Amino acid sequence: SEEAVITPEQIEQILASILPEEQIDSQAAQVVAYMAQEMLVSVTRAAYRRASMRGQTQLMVEDVQVVLAQDWGIQLPGTSLGGARPRQQGD
């Protein structure tokens, strides 16, 4: 079993620091922590596959950016995909 990258307690702390007026119950914090872990593993694996296809053994920021954009629809502020485009619904 993988060690947690982020704990439910850390989720609560992060939420308190960015939205102090909001509350999260312990079960919701567990779900969010689990989702964060799954996303991190998924993005990292996909980005590494992308890097491997180019013959690289090290992830580059561009690998992560493309995976986030194409697979998750997330465009990081202040970044460019360098020609890659996010997948549209139904692609």
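**Where two helices meet**

Let's start where helix H2 touches helix H3. On the H2 side, Met-39, Ser-42, Val-43, Ala-46, Ala-47, Arg-50 and Ala-51 make the contact, and their partners in H3 are Glu-62, Asp-63, Val-64, Val-66, Val-67, Leu-68, Asp-71 and Trp-72. Sorted by class, the residues where H2 and H3 meet are ten nonpolar, one polar and four charged. Keep in mind as you look that this is a predicted model.

Now step back to see how the pair is arranged. Two packed helices are described by the angle between their axes and by the distance between those axes. Here, H2 covers residues 26–53 and H3 covers residues 61–72; they pack at an angle of about 120 degrees, and their axes lie 9 Å apart. What does that angle make the two helices to each other? An angle over 145 degrees would count as roughly antiparallel, and 65 to 115 degrees as roughly perpendicular; H2 and H3 are therefore oblique to each other. Their crossing also has a hand: H2 and H3 cross in a right-handed way.

With that pair in mind, turn to the whole protein chain. Its secondary structure consists of three helices and zero strands, and reading from the N terminus the elements run α-α-α. The chain has 91 residues, and 20% of them are buried.

What about the contacts along the chain? Of those between residues at least 6 apart in sequence, 28% join residues at least 24 apart.

Conventions
Residues are numbered from 1 along each chain as its sequence is written. This is a predicted model: local features need pLDDT of at least 70, side-chain atom pairs count only at pLDDT 80 or more; totals for chains, interfaces and linings use all residues. Side-chain values use heavy atoms; hydrogens and water are left out. Axes are lines fitted to C-alpha atoms, for helices over the stretch in contact, and angles run from 0 to 180 degrees between N-to-C directions. Helices (H or I, at least four residues) and strands (E, at least two) are DSSP runs, numbered from the N terminus. Angles under 35 degrees count as roughly parallel, over 145 as roughly antiparallel, 65 to 115 as roughly perpendicular and the rest as oblique. A crossing is left-handed if the near helix is turned anticlockwise from the far one by less than a right angle, and right-handed if clockwise. Contact means heavy atoms within 4.5 Å. Ala, Val, Leu, Ile, Met, Phe, Trp, Tyr, Cys and Pro count as nonpolar, Asp, Glu, Lys and Arg as charged, and the others, Gly among them, as polar. Buried means under 20% relative accessible area, exposed over 50%, partly exposed in between (1.4 Å probe, protein chains only).
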